[in-house]
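We will go stop by stop.

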Amino acid sequence: MKIERANLYHLSMPLRSAFETSFGRIQERECILVEVFCQGVVGYGECTADKSPGYSYETTLTAWHVLRDCLLPAVAGLEVNEPGDMQTLISRVRGHRLAKAALEMALWDVWGKQLNRPLAALLGGVRQQVSVGVSVGIQESPNALLQVVENYLQQGYGRIKVKIKPGRDVAEIKRLRQAYPEIKLQVDANSAYTLDSAPALLPLDELDLLLIEQPLAEDDLWDHSRLQPLFKTPICLDESILEARHARQALEMGAARIINIKSGRVGGLSEAKAIHDFCVQSGIPVWCGGMLETGVGRAANLALASLPGFTLPGDISATDRYYSQDITGERFVLNPDSTIDVPGAPGLGVTIDQSSLAHFTINTLHYS
Ligand code: NPQ
Ligand code: MG
């Protein structure tokens with residue numbers, strides 16, 4: 001594979017409803033679509049950096065800069081065998097994993113199209129449908145939360161994840177559990193607590209949650225290792241795990257019992273697979289996170305989640321959970337058993353709807 005030229009599209013897409021987490025609230029999702037041209041084959045990758053550095057220090061504009069000025073110049077015109085091999089060409093770029101992952105994803109799309117095989121097969125996927133859940137943002141009020149959850153349950157979601165932050169945690173989750181004693185339920189704090197404030201979450205331990213996601217700071221495996229023994233409920237790390245080495249160290253320390261895998265956060269699908277493989281070997285469950293992706297990133301998530309170690313439902317909802325209009329011709333729908341079908345066409349298995357792409361594009365860069 002050789003990238004001859006590339007285009008970057010900076011997109012702004014309206015969400016069907018605002019999404020609020022402990023780090024902020026958004027109404028429009030920004031992202032970058034990477035389009036690469038390799039000897040007659042076109043591939044796409046999605047960069048999940050957002051307008052503001054809330055979830056990650058990266059933003060759409062830092063990723064734009066790093067793709068344009070560092071990553072594309074490092075790979076353009078050079079031969080790469082497998083998509084993951086691209087990482088050696090860009091190894092001198094520190095961090096900026098969301099930007100790197102987008103470029104790697106585009107190469108996986110090209111590779112699959114060249115070999116006429118879907119991404120899931122290339123990665124070692126073992127199922128055609130994957131179990132999914134829905135991530136519910138912080139709502140206006142506790143009653144609003146109950147209503148929103150009721151609505152998603154009626155749509156068929158079999159697992160609910162609720163965003164929490166100090167002051168909007170135990171009481172609301174307790175009410176939710178009382179209303180729905182049987183549902184699969186988990187929470188995500190996006191680092192909103194400290195070792196001093198997190199013991200306020202101890203009552204969650206009686207609510208039969210699947211996991212408590214990322215309570216403490218992203219750079220603090222150590223304090224997570226001090227927190228986990230206080231809880232029966234597994235702690236799951238998201239922001240803290242940027243590569244397989246972090247997963248190993250977290251498990252060795254007892255900082256978590258479950259790992260969330262996102263290809264963006266870890267710098268690409270090849271590292272995501274490496275973390276998966278390590279966790280399978282260690283007997284640790286993993287699940288696929290979500291970043292409010294377009295159809296492009298959603299297709300990649302579905303392929304990744306088809307690997308055997310993804311035993312918990314992913315944050316991979318149907319397209320219409322987030323978007324009325326998407327940039328792919330394909331829309332992903334929820335099956336009655338709370339699964340979504342893994343794309344079966346070559347590469348990512350999606351096509352770009354050119355008029356939607358043009359509609360949402362706020363800037364374009366042609367790289368050659
Ligand atoms: C999480 N995702 O698991 C993330 C957080 C998240 C589906 O809960 C713009 C950019 C919006 C990054 C919303 C879900 C985002 C974002 C949520 C990340 O922690
Ligand atoms: Mg999370």
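This tour visits a metal site, a ligand and a helix in a predicted model.

**Stop 1: the metal.** Select the magnesium ion (ligand 2). Which residues coordinate the magnesium ion? Show Asp188 (OD), Glu213 (OE) and Asp238 (OD), which sit at 2.1 to 2.3 Å. Now look at the sequence panel: the donors follow the spacing D-x24-E-x24-D along the chain. Glu213 lies in strand 8 (residues 212-213), while Asp238 is in the loop between strand 9 and helix 8, so this pair ties together parts that are 25 residues apart in sequence. Both Glu213 and Asp238 are buried.

**Stop 2: ligand 1.** A polar side-chain atom of Asp238 lies 3.1 Å from an oxygen atom of ligand 1. For Lys163, the corresponding distance to an oxygen atom of ligand 1 is 2.9 Å. How much of ligand 1 does the protein bury? Taken alone, ligand 1 exposes 440 Å², and the protein buries 98% of that.

**Stop 3: helix 8.** Select residues 244-253. Color Ala244, His246, Ala247, Ala250 and Leu251, which are buried. Look down the axis of helix 8: its buried residues fall within an arc of 160°, so they line one face of the helix. What do they pack against? Show helix 7 (221-227), strand 9 (235-237), strand 10 (258-261) and helix 9 (269-282). Finish at Gly254, which follows helix 8 and has a positive phi, near 75°.

How values were computed. Residues are numbered from 1 along each chain as its sequence is written. Chains are lettered from A and ligands numbered from 1 in the order in which they are written. This is a predicted model: local features need pLDDT of at least 70, side-chain atom pairs count only at pLDDT 80 or more; totals for chains, interfaces and linings use all residues. Side-chain values use heavy atoms; hydrogens and water are left out. Buried means under 20% relative accessible area, exposed over 50%, partly exposed in between (1.4 Å probe, protein chains only). Helices (H or I, at least four residues) and strands (E, at least two) are DSSP runs, numbered from the N terminus. The arc is that of the directions from the helix axis to the C-beta atoms. Contact means heavy atoms within 4.5 Å. Donors are N, O and S atoms within 2.8 Å of the metal (3.2 Å for Na, K and Ca); water is not among the atoms, so sites may look incomplete. A polar contact is a pair of N or O atoms within 3.5 Å; within protein, one must be able to donate a hydrogen and the other to accept it, and residues adjacent in sequence count only if both atoms are side-chain atoms. Accessible areas come from the Shrake-Rupley method with a 1.4 Å probe; for residues, only the protein chains shown count as cover.
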